[in-house]
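Welcome! Take a look at the model below, and then we will walk through it together.

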Amino acid sequence: MSTETLTHDEHHDHGPESGLKRWLFTTNHKDIGTLYLLFSLLMFFVGGAMAMVIRAELFQPGLQFVDPAFYNQMTTMHALIMIFGAVMPAFVGLANWMLPMMVGAPDMALPRMNNWSFWILPFAFTLLLSTLFMPGGAPAGGWTMYPPLVLQLGDAFPFLIFSVHLMGASSIMGAINIIVTIMNMRAPGMSLLKMPLFPWTWLITAYLLIAVMPVLAGAVTMLLTDQFFGTSFFTASGGGDPVMFQHIFWFFGHPEVYIMILPAFGIISEVIPTFARKKLFGYEAMVYATASIAFLSFIVWAHHMFTVGMPLSGQLFFMISTMLIAVPTGVKVFNWVATMWRGAMTFETPMLFALAFLFLFTIGGFSGLMLAIVPADLQYHDSYFVVAHFHYVLVPGAIFSIMCAVYYWLPKWTGHMYNETLGKWHFWLSTIFVNVTFFPQHFLGLAGMPRRIPDYSTQFADFNWISSVGAFGFGLSQLLFVYIIFSCIRGGQKATDRVWEGSHGLEWTLPSPAPYHSFETAPEIR
Amino acid sequence: MAHTKDQYYVPHGSHWPIVGSVGLFLTMIGASSMLNGSATGKFFLIVGIGVLMVMVFGWFGVVIRESVAGYYNSQVDKSFRMGMLWFILSEVMFFAAFFGALFYARQYSIPWIGGEGNNFFTNLLLWQGYESTWPTNGPAEVGGDYEAMPPMGLPAINTAILLTSGITITIAHHALKDMNRRILSLGLLATWLLGFLFVGLQAYEYMHAYEAMNLTLGSGIYGSTFYMLTGFHGLHVTLGATMLLVIWLRVLKGHFTPENHFAFEAVAWYWHFVDVVWLGLYIFVYWL
């Protein structure tokens, strides 16, 4: 048989399978990307509903709707679900959809493992969510699972531990797949420094994942054996130390923070040049800045623990190393601004989200800098200031970048343009409400309102109802997002291949919607 | 399925991953319920592990058949290699967490309980009379009197066994490259036998420790770090030796060529990783 007929056959038997089998058995990066993104959207609403319970309870001082034990379950589960269920899977979904198209590959490097890394997640979250109905309730000691508090959990405890193991296994497999795809599947001629920024930031993120997810697995395994098998890792009477858990946990936890923001940097670095119609300013500096942030993320973890006590030299080291992160992050922010300088800018929805990211993430970054100062942190620790800080980097940071990416690439995925008017409505509602929600929390925290408490002193009442109104508004606005996505999938104005006038990169050379298999023959790289 | 060598092999849909997910799900439900004292837990655990075994056989079976049929070009081979190396790195980091716990306990928590630095009052008020030492089961002497595991004797023999197995697998690898299949299969046979011998001796050491030395998982931080580090290592040796056994059976069936033997190398890398972890264990857990 000649090569042509063989290749021809290939096209025929490589279409999607029919019905449910397509989604359960798929090895296609686009199908798996879609699954990841839809799963993430679902979890965004599950976690969001929990946030609504929290804000409803905090609307007024006093206990109104839920009892304190359930309130604590809501804060803990909200965090676990948003981190491991919404933000991380969304980024992996975007990686699945976009990386093969951006580096000129036919698919992800390890397609069957790709399926597995997704399909572990629904089971892991079934385990986690089932704890809500167990004797003793769901995890309530905070997502950080500090002992000895977490050991007081009821039947939920082993389910929590094992669901974290499963999420970790899924993340590690996803990360291995992404690294191998980028290192082995790039089109000939695409050297690493010709690669777009989104694959670059994901490459570095994947290294972080492989380095720290196993450490989390180790930490929760120690919790499990302390609880059930009589070990003394976190018990001082046996020679261990509860603070040791915090060290191991945050050795995972701080890089985890960057796992949730580095891909966002990549997205913003794709979107701003497109709508400024200029090349990204300082491409190489962006790559090196990303790598520097990743390196620094390993040596700053104890800034989460200044108040548990540590030697002065430790406090100084972790304070200064934390502040150093502002340098590469500043490089990035200035490069984005410089990219827009004298650009021919237009303000479609993705660009609006990118600009909001730039402003609001920077606010979150600056409040992080304030928290890095040890004497200041002793005041801010465990207050609403911290809540405001990390929500500014995660909601108008990570989540806005995900929305930005969805609007930016949705025409490529579906072949239709989304409704621009509704998109702009979604943007403005989200941006206004996110600030109404979280900006007052800075003041609450500085005035001394502690986090993770269902009731508060009446002096905090005003800012709390403002924050709650903002939260309900933000939550409702996201229904618009769902409507826009699904109406875009169903129909709309035909998208061109390039979609955006200023678009750049291999993914825009493919038709819209992108064919089931990306680049069966590798493209030429100039 | 029709396929060309110059194309990257992208498989059809596969049902094995979802089978694996269901298996993991049942296993985790079973293990959790057992730990919570439920009688049905064991049933779920056994079924779950059974499903996982079926998945492992089925999934690897497909991959082996595809490999033997020649679907994998050099680029696919490279993907597998990279994937295995990064998987091993993730395993290294898993052990790093437990080594970290060991170092932290020895360097910080135990000296602090003993009053070092500015912890004088910690010692005076909470753990009066406790002097920092290693090995220790803590100021409350959790688990009662015990003997520490000496580095000589069995652990030293086990070290020699693992190091020897590292040599035999290298001999096998060279034999594979030289097309000397007799030495190849003998080398592999020796390697997996030594691997299981190690596991057997380790099991004997544990029984001795429990019965004669009263050294248990519950013997404070020393017992915790000792058993968790050597225990997870032992699990990895068991897994590695099982993989060696499978590779040996494949060699007997005539698989692998000097150019194309990713599975062999992956297992060899894994075996060396297990070996290196043991050296770390021997130095920091048994010896120092």
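## Confidence

In this predicted model, residues 1–12 of chain A keep a pLDDT under 50; pLDDT is the predictor's confidence in each residue, from 0 to 100. For this stretch the model has nine contacts beyond four places in sequence, a contact being two residues whose C-beta atoms, placed from the backbone, lie within 7 Å. Where pLDDT is low, the predicted coordinates should not be read in detail. Chain A as a whole averages a pLDDT of 95, and 97% of its residues score at least 70.

Residues are numbered from 1 along each chain as its sequence is written, while chains are lettered from A and ligands numbered from 1 in the order in which they are written. Because this is a predicted model, local features need pLDDT of at least 70 and side-chain atom pairs count only at pLDDT 80 or more, but totals for chains, interfaces and linings use all residues.

## A helix in chain A

Of its 24 residues, 17 are buried, so α13(A) is largely enclosed by the rest of the structure. Buried means that 20 or more other C-beta atoms lie within 10 Å of the residue's own, all placed from the backbone.

## Where the chains meet

The contact between the chains takes 60 residues from chain A and 58 residues from chain B. On the chain B side, α3(B) gives the largest share, with 22 residues.

Technical notes:
Helices (H or I, at least four residues) and strands (E, at least two) are DSSP runs, numbered from the N terminus. A residue is buried if 20 or more other C-beta atoms lie within 10 Å of its own, exposed if 12 or fewer, and partly exposed in between; C-beta atoms are placed from the backbone.
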